Amino acid sequence: MSEIKVGQFGKIGENMVAFELSKRGWIVFLPPYDERVDIVAMKFICSECDSNWNVTHNLQCSNPDCENHSEIAKSKIVKSKKCTSCGTIFSRDKISSQSSTCSICNTNTLEEIALCNICDSEVVVKENNCTNPSCNSSNYKIVFRSIQVKSTHYVDNGKNLGFNFKYQDLLNDDRHFFVVYLRSIEDCKETHHYWVMNKDDFKSIKNIDTVSFKIYQNDRGHYNPDKLLPFKYDEVKACELQNKIKNATNELELLELKEQLKKHDPFLKLDEDL
Ligand SMILES: [Zn+2]
Ligand SMILES: [Zn+2]
Ligand SMILES: [Zn+2]
């Protein structure tokens with residue numbers, strides 16, 4: 001396996017982290033120039049329950065008792081006409097698609113209308129797009145996170161992780177996160193490691209009051225992986241828990257599994273309500 005050029009490694013780390021965020025539903029932006037943050041991530045969430053918001057354009061039958069009420073496929077929509085003056089809806093077989101005259105009130109006020117193929121009710125744009133099936137909210141909000149990526153190498157004969165840290169990297173905002181990235185190759189198998197920290201996590205592993213950190217800005221730190229363990233993403237355990245979550249039957253079990261998942265997938269910290 002050929003080695004990556006030193007100058008490209010940092011940018012590769014940023015892209016790898018961006019990919020991990022994409023997998024978790026974040027829309028990611030990478031600045032074209034070196035800025036104080038490496039990635040900006042945004043997400044649409046429900047303003048009532050904070051669940052992910054479905055941003056695709058969905059249609060539904062307006063009749064709450066119809067099986068097309070939750071969603072109707074475009075292929076099942078029947079086009080017809082409605083009189084804007086008297087409100088009469090004509091089913092397709094009762095009116096020509098060329099005609100614009102209402103046979104009830106005799107005005108030229110017919111407009112095209114989309115109807116449900118099952119119950120003939122009007123098809124409307126779905127306003128409630130919360131992914132939580134028990135939530136009826138039709139309002140969403142956009143949340144933003146900023147991310148600093150630190151690409152690392154093993155140092156001290158593989159005992160520690162080394163990365164540079166600048167004082168200006170420490171943005172004093174709860175929406176700011178640090179992700180330490182390490183690429184390792186063992187027995188010809190490439191693996192990617194991630195540690196995710198919020199600003200308080202970071203302060204717990206790094207003394208930010210040193211002179212070199214404050215004055216000289218470029219502080220190269222060596223970090224013991226054991227100390228970083230609480231922030232490490234464990235892909236295998238997270239995957240096992242996600243499978244259990246899919247098959248969970250009771251609410252209490254589901255909550256417990258989700259709590260465990262947070263510990264093994266610290267990227268989920270970005271989803272926490274701030
Ligand atoms: Zn909701
Ligand atoms: Zn009419
Ligand atoms: Zn219907």
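**Briefing: Ile113 and the overall fold**

Apart from neighbours within four places in sequence, Ile113 makes contact with Ser80, Lys81, Lys82, Ile89 and Glu122. The structure is a predicted model. Ile113 belongs to strand β6, which covers residues 110-116. The points below set out the surroundings of this residue and then the protein chain as a whole.

**Surroundings of Ile113**

- One of the contacts of Ile113 is Lys81; the two residues are separated by 32 residues in sequence, yet their C-alpha atoms are 5.1 Å apart in space.

**Secondary structure and overall shape**

- Six helices and twelve strands make up the secondary structure elements of the protein chain.
- The protein chain is more spread out than a compact globule, because its radius of gyration is 27 Å, well over the 19 Å that the globule rule gives for 274 residues.
- Taken along the principal axes, the box filled by the C-alpha atoms of the protein chain is roughly 85 × 45 × 40 Å.

**Burial and contacts**

- Buried residues account for 20% of the 274 residues in the protein chain.
- Among contacts in the protein chain with a separation of 6 or more, 61% join residues 24 or more positions apart.

**Domains**

- The domain assignment of the protein chain gives domain 1 as 6-53 + 140-234 and domain 2 as 59-125.
- The C-alpha centres of domain 1 and domain 2 are 53 Å apart.

Technical notes:
Residues are numbered from 1 along each chain as its sequence is written. Chains are lettered from A and ligands numbered from 1 in the order in which they are written. This is a predicted model: local features need pLDDT of at least 70, side-chain atom pairs count only at pLDDT 80 or more; totals for chains, interfaces and linings use all residues. Helices (H or I, at least four residues) and strands (E, at least two) are DSSP runs, numbered from the N terminus. Two residues are in contact if their C-beta atoms, placed from the backbone, lie within 7 Å. The radius of gyration is taken over C-alpha atoms; the globule rule is 2.2 Å times the number of residues to the power 0.38. A residue is buried if 20 or more other C-beta atoms lie within 10 Å of its own, exposed if 12 or fewer, and partly exposed in between; C-beta atoms are placed from the backbone. Domain bounds come from an automatic or database domain assignment.
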